[in-house]
Amino acid sequence: MKILVTGSKGQLGNELKRLFDTMRSEIGDVPEEYAGAEVDYLDYDVLDITDADAVDALMDEAGYDIVINCAAFTNVDGCEANEDAAYAVNATGAANLARAAERTGAKLVHVSTDYVFPGTEAGERVETDAVAPVSAYGRTKLAGEEAVAEACPHSFIVRTAWLYGYVGKNFVKTMQRLGASHDRITVVDDQLGNPTSANDLAHEILKIALTDNYGIYHCTNNGTCSWCDFAKAIMEGSGLACEVAPVTSAEYKAANPQSANRPAFSSLRNAHLADTIGDEMRPWQDALANYLNNQPELAD
């Protein structure tokens with residue numbers, strides 16, 4: 001089996017490499033079909049997915065069986081300031097990979113986001129719920145979803161949320177840094193979603209990719225919390241005495257007027273996952289505890 005992982009230096013790309021190298025995740029064993037797989041890990045310094053000719057040349061030569069697209073412009077506020085650059089990666093780049101995958105017979109796993117939803121309704125969103133992004137990041141990721149679905153019927157669009165991994169920047173590490181240097185911080189408490197371990201997500205992606213159950217998937221750790229709840233759990237689990245005080249989105253926006261709008265309630269339910277391969281994603285509290293326990297050994 002021959003596999004391409006784009007955006008390989010990011011959080012998810014690093015966890016996929018960890019799983020291929022060890023054939024284990026924190027959930028359990030990686031499917032044996034991947035034993036001995038030849039995997040190319042490429043980031044933007046080697047493959048610019050916005051360059052259709054470069055994508056076509058690579059795909060035509062390599063003959064991949066599976067392409068996992070982790071490449072994305074994920075800085076939400078940065079997308080707001082430069083939507084054209086975000087669109088180039090999140091939509092045009094995804095479309096280039098999708099067309100090449102379909103032409104060469106590769107399956108494509110394309111990673112997307114909860115930010116395609118407006119977050120105006122309480123309750124978990126399922127894959128068939130209406131989308132209406134409220135930010136440039138969400139708009140460009142939705143455009144990527146639509147391009148992939150149109151160009152590559154043999155594709156899996158996997159929406160995730162609030163991702164954290166051992167390698168790279170994320171909310172957990174930011175809270176730990178702030179908690180070590182501050183006695184008190186404020187965190188938004190009226191935006192709700194699902195903290196998600198990149199290791200768990202990688203495990204489920206590899207299982208999904210072996211099937212022919214194409215379409216849209218939600219894949220997050222189970223359970224809903226606010227950013228403030230998440231931050232408090234990080235402080236407690238990290239042994240930090242920093243107080244986490246709640247602040248509203250409106251108060252945060254007033255203090256940071258250039259920040260992008262975020263969905264108020266973007267919690268996802270892994271409905272398609274449960275109906276196909278089964279939902280093995282852990283409760284977010286369990287995944288976070290495992291992460292904090294392993295972090296000294298595995299973090300970058």
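**View 1. Strands β3 and β4 side by side.** Strand β3 (residues 66-69) runs parallel to β4, and 4 bridges join the two. Helices (H or I, at least four residues) and strands (E, at least two) here are DSSP runs, numbered from the N terminus. Mind that this is a predicted model, where local features need pLDDT of at least 70 and side-chain atom pairs count only at pLDDT 80 or more, while totals for chains, interfaces and linings use all residues. Residues are numbered from 1 along each chain as its sequence is written, and side-chain values use heavy atoms, with hydrogens and water left out.

View 2. Zoom out and you get 6 strands in the order β2-β1-β3-β4-β5-β10, with parallel pairing; two strands pair if DSSP finds at least two bridges between them. β2 (38-42) and β10 sit at the edges, each pairing on one side only. Ignoring direction, neighbouring strands are turned by 20° against each other on average. Helix α7 (residues 198-209) packs on this sheet, touching β3, β4, β5 and β10, and its direction makes about 160° with that of β5. Axes are lines fitted to C-alpha atoms (for helices over the stretch in contact), with angles from 0 to 180 degrees between N-to-C directions.

View 3. T160 belongs to strand β5 and is buried, at a relative accessible area of 6%. Buried means under 20% relative accessible area, exposed over 50%, partly exposed in between (1.4 Å probe, protein chains only). Leaving out residues up to four places away in sequence, T160 touches V111, S112, T113, D114, T196, L201, C219, T220 and L268. Contact means heavy atoms within 4.5 Å.

**View 4. The largest nonpolar core.** Of its 29 residues, V172, V187, F230 and L288 touch the most other members. α8 gives the most, with 6 residues. Such a core is a set of buried Ala, Val, Leu, Ile, Met, Phe, Trp, Tyr and Cys residues joined through side-chain atoms within 4.5 Å. Not counting residues up to four places away in sequence, V172 touches Y164, F230, I234, L288, Y291 and L292.
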